[in-house]
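Student: I have not looked at this protein before. Could we go through it step by step?

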Amino acid sequence: MAKELSRRDFLKGMAAGAVSMAAMGVMGGVSAPVAHAADAI
């Protein structure tokens, strides 16, 4: 027996998915600094 999905529940799920996708997009552009061997000398 499947639970019927209300419009409000659907919109909440879509909003949560959009926020998480936006966060992943922002975090995808961030990278940790890489230590180069030439800098250590």
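This is a predicted model: local features need pLDDT of at least 70, side-chain atom pairs count only at pLDDT 80 or more; totals for chains, interfaces and linings use all residues.

Student: What share of the residues is buried?
Tutor: A residue counts as buried when its relative accessible area is under 20%. The protein has 41 residues, and the buried share of them is 0%.

Student: Which residues make the nonpolar surface patch of about 420 Å²?
Tutor: A residue needs over 30% relative accessible area to be part of a patch. F10, which sits in helix α1 (residues 7–28), has 43% relative accessibility and therefore counts as partly exposed. The patch is made by L5, F10, L11 and M14.

Student: Which side chains meet in a salt bridge?
Tutor: The rule asks for a side-chain nitrogen of Lys or Arg within 4 Å of a carboxyl oxygen of Asp or Glu. By that rule there is one salt bridge. Its N to O distance is 3.8 Å, and the two side chains are those of K12 and D9.

Student: How many residues apart are K12 and D9?
Tutor: Both residues lie in helix α1. Their separation is about one turn of the helix, which here is three residues.

Student: Is K12 exposed or buried?
Tutor: The cut-off for exposed is over 50% relative accessible area. K12 has 53% relative accessibility, so K12 counts as exposed.

Methods
Residues are numbered from 1 along each chain as its sequence is written. Side-chain values use heavy atoms; hydrogens and water are left out. Buried means under 20% relative accessible area, exposed over 50%, partly exposed in between (1.4 Å probe, protein chains only). Patches are made of residues with over 30% relative accessible area and no salt bridge: like charges are joined within 9 Å, nonpolar side chains (Val, Leu, Ile, Met, Phe, Trp, Tyr) within 5 Å. Accessible areas come from the Shrake-Rupley method with a 1.4 Å probe; for residues, only the protein chains shown count as cover. Helices (H or I, at least four residues) and strands (E, at least two) are DSSP runs, numbered from the N terminus.
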